[in-house]
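Biologist: I am new to this structure. Please pick one part and take me through it closely.

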Amino acid sequence: MQPKEPSLSLKIFPDAVLRALCDPVETFNVQLREWTDEMFEIMRKSDGIGLAAPQAGISKQLFVCGIENDSLCLINPTIIQAEGSPVDMIEGCLSLPDIHVKVNRNDRIVVAGYDNRGRKMQYGLTGLWARVVQHEMDHLKGVLICDYGENVNLDEQNSGLDAADSANETKQSL
Ligand SMILES: [Zn+2]
């Protein structure tokens with residue numbers, strides 16, 4: 001029996017891996033599938049809806065996300081189309097606990113890449129899915145939500161009982 005490799009762990013800002021430019025994945029091997037399995041596990045354990053490879057300490061172009069019972073894993077992703085009206089939403093990030101920032105993103109994208117077996121994939125995404133994917137793709141370039149603006153105090157936001165504000169807030173971290 002072979003000893004199991006130490007499992008991946010969630011990286012928290014200011015860990016340098018979060019700022020590095022990720023390299024493309026070149027081989028679609030067993031190791032890659034182990035990484036994506038472990039990334040899904042970290043994401044779900046942390047109650048998140050998305051996790052990019054650098055957040056698990058891997059400086060490679062891949063991410064996983066999952067909303068309700070749907071999940072998506074994309075390797076070497078590129079956004080080939082971004083449209084729809086840009087929308088503001090308050091986002092959180094598993095690597096930046098307690099930080100929430102209002103980020104403006106397109107609400108419709110087409111993203112292409114590969115699944116973890118090397119098959120070419122393409123998805124048209126809207127709403128929260130489009131948002132999560134754009135957030136995760138930022139991670140692959142070392143971009144974090146704190147680069148978009150000031151930390152939003154959620155207590156202050158909610159004390160106004162402004163329904164519109166709370167509707168524009170992601171309940172889970174990405
Ligand atoms: Zn994040």
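Modeller: This is a predicted model. Let us look at α2, which is mostly covered: 10 of its 13 residues are buried. The buried ones are Trp 129, Ala 130, Arg 131, Val 132, Val 133, Gln 134, His 135, Glu 136, Met 137 and His 139.

First, some setting. The protein chain holds 4 helices and 5 strands. Along the sequence they run α-β-β-β-β-β-α-α-α. Of the chain's 174 residues, 32% count as buried.

Now the length of α2.

What do the buried residues of α2 pack against? They pack against β1, β2, β3, β4 and β5 (120–126).

Next comes the core. The largest nonpolar core has 36 residues. Leu 51, Ala 53, Phe 63 and Val 133 have the most contacts inside it. At least two core residues come from each of α1 (30–45), β1 (50–52), β2 (62–67), β3 (70–91), β4 (101–114) and α2 (127–139). α2 gives the most, with 5 residues. In soluble globular proteins, nonpolar side chains tend to be buried together.

Take Phe 63 as a close-up. Leaving aside neighbours within four places in sequence, Phe 63 is in contact with Glu 136 and His 139, among others. Both Glu 136 and His 139 are buried residues of α2.

Finally, the whole chain. Among contacts with a separation of 6 or more, 69% join residues 24 or more positions apart.

Technical notes:
Residues numbered from 1 in each chain as written. Predicted model: local features only at pLDDT ≥ 70, side-chain atom pairs only at ≥ 80, totals over all residues. Core = buried A, V, L, I, M, F, W, Y, C linked by C-beta atoms within 7 Å. Buried ≥ 20, exposed ≤ 12 C-beta atoms within 10 Å, placed from the backbone. Contact = placed C-beta atoms within 7 Å.
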